[in-house]
There are 2 protein chains.
Amino acid sequence: MGGMEILRNLVKKTPARIVLVVLDGVGGLGGAGKTELESARKPHMDQLAREGVCGLWEPVAPGITPGSISGHLSLFGYDPFSYRILRGPVEALGLGYLPQRGDLYARGNFCTLGPNNLVTDRRAGRISTELNRQLLTKISSSIPQIQDVKISLLSGYEHRFCAIFHGDNLNGPLTDTDPQETMKPFLPSYPLTPEGEKAARVVNSFVSSCQEILKGEHPANFILLRGIDNLPRIPGMKELFHLTPAAIAIYPAYRGIAQLVGMKCIPVDGEAPEDEIRAFQSAWDSPSYDFFYLHFKKTDSYGEDGNFARKVQEIEKIDALLPAILQKQPDVMVITGDHSTPALMKSHSWHPVPVLLWAKNARRDSTLHFSESACLWGGLGHLRGPELMTVLLAHAGKLNRFCA
Amino acid sequence: MGGMEILRNLVKKTPARIVLVVLDGVGGLGGAGKTELESARKPHMDQLAREGVCGLWEPVAPGITPGSISGHLSLFGYDPFSYRILRGPVEALGLGYLPQRGDLYARGNFCTLGPNNLVTDRRAGRISTELNRQLLTKISSSIPQIQDVKISLLSGYEHRFCAIFHGDNLNGPLTDTDPQETMKPFLPSYPLTPEGEKAARVVNSFVSSCQEILKGEHPANFILLRGIDNLPRIPGMKELFHLTPAAIAIYPAYRGIAQLVGMKCIPVDGEAPEDEIRAFQSAWDSPSYDFFYLHFKKTDSYGEDGNFARKVQEIEKIDALLPAILQKQPDVMVITGDHSTPALMKSHSWHPVPVLLWAKNARRDSTLHFSESACLWGGLGHLRGPELMTVLLAHAGKLNRFCA
């Protein structure tokens, strides 16, 4: 019996309310100096660290760099080795698409194709969202369907979109057409199961048609598809943990994954952290929710850009907003990330993620700051994968005693 | 899907070069005082500890004392619970034997047999290598084969040798004839699978003949066999990790296990650590190798002898040689052991092994020394089994992101 099955038999419904604050990619590196967290002035986080208990968390396993989805699944208590979810369905849900049986989803990028089918820019210079919409309209009107398969296109930010193929016998997963590196040719999509043959044929035919339709454009003269799959079957957090979770997030991928695990996405009026806090406050007033996932993206974006100073500022900005959450007096509050994104590396990394847990019944440690170095010696020790969720449920009094 | 299978899907080939320095049995105990590592003057290791990240490593699992083979398999990224390799084939490879299909290998000791078939000295007073060779020649000329089975004998150091049985249907593993304690009778070898019946018959017949041939000798009047098995099938480090590994080791067992995981054994001209360093330097100049395993045996030997002071000196000797390795500027350098061998215990032990990892993208901790007590607080935390290899590959940039 796996860890999740054991947990499922121990959980109970209680009125206690949990807030999980995710600073995307918050973990960092300092080279010979301080990390992003160590550099930030963040009095509220440090105060919570002194009153609560800290630790380090390995979202997947030591040395393994999580993607956004696997990092989040693990945060939400799902074993990332058992549940593998591709980007296509996650993005489609996040863009507000209502799934139907028989859908096959792909995450798309507009890109620039040079001579010999080499991809010269995987993001077509991050074209405007407006141009993105115009190009999708052009594609839609030219290829409304392929054989019996209906195609819907959803515009995302900048170069990003979603393609949804709807018909019989469209079975994912398929391989990506995105070569992941520039100056490489794009790839045909292959089925990963024998049942995926028709799906691959349709997807590759769609890609060829797009090449024809976009050939006069510049720089967005082609598309790349990845994460091509059907909607995964995944038990919800209600079923697994008896929770009624609410998600406050702006970016489609995070809204998508939240919905996949059965969270209700709270509408956010605006795109700033302050707007998310307002959405949280109004969701709090609905007494049915007992789990709040608040996602802040920019710490990761600045990490990916290698912008150490802006990542530090973003941490400080979230810190300043914490009193508005604490004012609601959650029973358990956790601050962490879904993975590390050190500005020094300009990418996600395998380095363990600092965790801060505040609850009345936390066993206080001697941590004075919320940082990688302080968390290393924290009372939670080194947690792995879905263990973090277990610890969180425990502090909320939501777990029965194990066995006799 | 197990951890190794996941890792296999994430590894990529890069030019980064890794050096794994193994001080055999380096972990120790201090009683009420300092351990061997804590007593040693080792400025280079301490400097690397300050610049890198440290931790403790459980080669198998907490409380489990590793053998040399399981400790090394785990170091090389193999789950020691999935891959069990007996001593016979390891020693044969290490002695330079070229394996053939149908071989069955046994590690042998000359021993002293007293009245009532009781083993009075399991090593026959550590007879000279020269006498070993004479006795093996005597046995070989008397029993070149048994039925259709050809027998080859390879001399090792002192009382150690290897017996190779070559023929049809010789299926290991078989049980040991070595009772592992003195004043106990030697044992018949039993097959561990139904297919091993012929192999056991041949091995037991060989043992009886040796008793007859050696009965006039003293003290080496008999032999003990252990680790009797065919060559295991084990995927190489190239297949698993896309590495091209080189091994620099003197002792046959370590050369054997290195070859079993697909390492190229670099010739070493001499038997001193300095000779190994020279071999490393010349191997480094061959650009194809991207993983270097350097094995230093004497820390373990002095630990086994209970010679605390000499074990300390041996650590100091290796420390003095580190600049010759660092001069080559490896991308990742790890210093650790395959297990602990505290001089206070005169044997391998279960105590976790200190690990030091140096790499540009390591998250520095505040470790000031390379020692058991300092590593306890290190940023790598407590790693288990093959996780160490995962972390090592991560720091070398050789692992793709996990899932989306």
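User: How many nonpolar, polar and charged residues are found in the lining of the largest cavity?

Analyst: The lining has 5 nonpolar residues, 2 polar residues and no charged residues. Please keep in mind throughout that this is a predicted model.

User: How does one find such a space, and which residues line the largest cavity?

Analyst: The general idea is that rolling a probe the size of a water molecule over the atoms shows where empty space is left. In this structure there is 1 cavity of 30 Å³ or more, and the volume of the largest cavity is about 30 Å³. Its lining consists of Ser68(A), Ile69(A), His72(A), Val90(A), Ala253(A), Tyr254(A) and Ile257(A). Helix 4 (68-75) and helix 9 (252-260) of chain A each contribute at least two residues to that lining.

User: What is the volume of the second largest pocket, and which residues are the closest to its centre?

Analyst: The second largest pocket has a volume of about 1,500 Å³. It is lined by 44 residues, of which Ser68(B), Arg87(B), Arg107(B), Arg226(B) and His348(B) are the closest to the centre. By class, the lining divides into 18 nonpolar, 11 polar and 15 charged residues.

User: Which element supplies the largest share of the lining of the second largest pocket?

Analyst: Helix 11 of chain B does, with 5 residues. Several elements of chain B each supply at least two lining residues, among them helix 4 (68-75), helix 5 (87-94) and strand 3 (103-113).

User: Do the copies meet through the same or different surfaces, and how much area do chain B and chain A bury between them?

Analyst: The size of an interface is often given as the accessible area lost when the parts come together. Chain B and chain A bury about 2,300 Å² between them, with 61% of it on carbon and sulfur atoms. The contact involves 27 residues of chain B and 33 residues of chain A. Only 7% of the interface residues of chain B are also interface residues in chain A, so the copies meet through different surfaces.

User: How many salt bridges are there between chain B and chain A?

Analyst: The count is 2. Glu387(B) forms a salt bridge with Arg384(A), where the closest N and O atoms are 2.3 Å apart.

Note on methods. Residues numbered from 1 in each chain as written. Chains lettered and ligands numbered in written order. Predicted model: local features only at pLDDT ≥ 70, side-chain atom pairs only at ≥ 80, totals over all residues. Heavy atoms only, no water. 1 Å grid on protein atoms, 1.4 Å probe; cavity = no way out; pocket = protein on both sides within 12 Å on 5 of 7 lines; lining within 4 Å. Points joined across faces, edges and corners; volume = space filled by probe spheres on them. Helix = DSSP H or I, 4+ residues; strand = E, 2+ residues; numbered from the N terminus. Nonpolar A, V, L, I, M, F, W, Y, C, P; charged D, E, K, R; others polar. Contact = heavy atoms within 4.5 Å. Buried area = accessible area lost by both parts, 1.4 Å probe. Salt bridge = Lys/Arg side-chain N within 4 Å of Asp/Glu carboxyl O.
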